[in-house]
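Subject: The structure I promised you

Hello,

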Amino acid sequence: MSAVRDVEPPHDSRSPHASRPLAPSPSLGPLGPILLEILRDGRLGDLEPEALAQRFGTPLYVYDLDVIEHQVGALRAALPTAMELAYAVKANPALAVVATMARLGLGADVASGGELETARRAGVPLSRVVVTGPGKRDEELAIAVSAGVRAITVESPAELDRLEWIASHLRLRAPVLLRAAVATDASPERIRIVGDDGAGKFGMSAGDLVDAATRAIRSSHLEMLGVHAFGASNVLDPAAIADHVGSTVQAAAGLARRIGFPLRLVDVGGGLGIPYEPHEEAIDLAALGTRLRALAAGWADDPATRSTRVLLEPGRFLVGSAGAYLARVVDRKTVDGTTVVIIDGGIHHLVRPALVGQEHRIRALGRGGARTGTSPVTIAGPLCSGLDVFSRDCDLVPPAVGDLIAVLDVGAYGYTESMPLFLSHPMPAEVGLRDGRAELLRPRVEPVEWLDRQRNPAW
Ligand SMILES: Cc1ncc(COP(=O)(O)O)c(C=O)c1O
């Protein structure tokens, strides 16, 4: 997973796991069930799907906050004391989801001024917020510096210049992490799952990192904290995750020794996966914990890293399996031997299947069971686009018109990554479940509401 270039004496620090296929790992361990999910015994977080559909309308996003709490607890139990968690708000920025993370004591990783405001309103202390992402605007940098965030991850030498200039005008000191570019040979999963290979957008090369660190320690308006590096996305192999953590801390310590600054913070990004495909298994958290604790023992022995905090900023692992997209069947037909089921939601609300070619698990609610016949079942949405297909060979008894289906594992990069204006269908409500109760988080929006806000100028 890791491909952080060491900045000490040049040697190849790439992980041997960089391009290795993911190893299967057990889904049960001493920490208990490793991945809890929202759909249990045909119910969503202990509630009847039909009751939720009637109360909030379909299509509908539902998030089980108890599942999120379980995921946080399970991951935390695997981490050594030198490591901390900051939730990557981009995975699911629903205010109540971020507030759940705040209640559980997590920091936040934000990628825009909007996400910074989300974290603030959700109750995340700003001193626990890190700001990361390419293309930060001047006003976003100024707000982050004034807010007193924990760290601003600087993605380029030019961004370091702007940050220093802004901090000097505010007469403040900006806390800085320098983002290391990771080698592209570590990114095939990222291409497949997230939909980007980076294209050089993220972080800086080893040479720029050294120059930027040298400048940062000389500036009275910058406070050099350490290094940030995001490895790969949706990684299920504990060895690959631990390798990335280990090599990032090692590279950061090398930089700190070479330039001469105390290494206070290393941000190793997110990237912990969840199984989307039937053959994939949840991360073996016990194995991950063993590897991370061994790394932490090494950090404690090294004067360069003894006081370093290591920040993990997961998104998908904490919220992915907590979400379901609930939709109702509006049409069914047979075309050339294929059963085609049309539902009232589609890729305008959940673009991931089309964007990254990732099929999500689909369950028929109320009917259940795997398909017995051989005829393929297609599950498609209402958009006038051939891309609007959730599955071309779904393993389901074909649901009937009026039935509900649930698309699973949509708690991360679901609604937030989508394109809800396309074709002017209603935007689904988002609902949170906790302790057997359902609460509206974000209301459904009817097309008339955004029509009302538009102007048609009388030129
Ligand atoms: C900087 C950064 N941190 C954290 C994350 C969260 O990653 P994940 O949801 O894979 O854990 C991302 C996702 O793209 C990211 O870009």
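Ile152 has Val176 in strand E10 as its bridge partner. Two strands count as paired if DSSP finds at least two bridges between them. Helices (H or I, at least four residues) and strands (E, at least two) are DSSP runs, numbered from the N terminus.

Before you go further, please note that this is a predicted model: local features need pLDDT of at least 70, side-chain atom pairs count only at pLDDT 80 or more, and totals for chains, interfaces and linings use all residues. Residue numbers start from 1 along each chain as its sequence is written.

Back to E10 (residues 174–179): six of its six residues are buried. Buried means 20 or more other C-beta atoms within 10 Å of a residue's own, exposed means 12 or fewer, and partly exposed lies in between, with C-beta atoms placed from the backbone. In a regular strand the side chains alternate between the two faces of the sheet. Here Ala174, Val176 and Leu178 point one way, while Pro175, Leu177 and Arg179 point the other way.

E9 and E10 belong to a barrel that eight parallel strands close in the order E6-E7-E8-E9-E10-E11-E12-E13. On average, neighbouring strands of this sheet are turned by 30° against each other, direction ignored (axes are lines fitted to C-alpha atoms, for helices over the stretch in contact, and angles run from 0 to 180 degrees between N-to-C directions).

Trp165 sits in helix H6 (residues 157–169). Trp165 counts as partly exposed because it has 13 C-beta neighbours inside 10 Å. Trp165 and Leu222 are 57 residues apart in sequence, with their C-alpha atoms 9.8 Å apart in space.

Finally, the ligand: of the 18 residues around it, Ala88, Gly270, Pro314, Gly315 and Arg316 come nearest. A residue is near a molecule or strand if its C-beta atom, placed from the backbone, lies within 6 Å of it.

Happy exploring!
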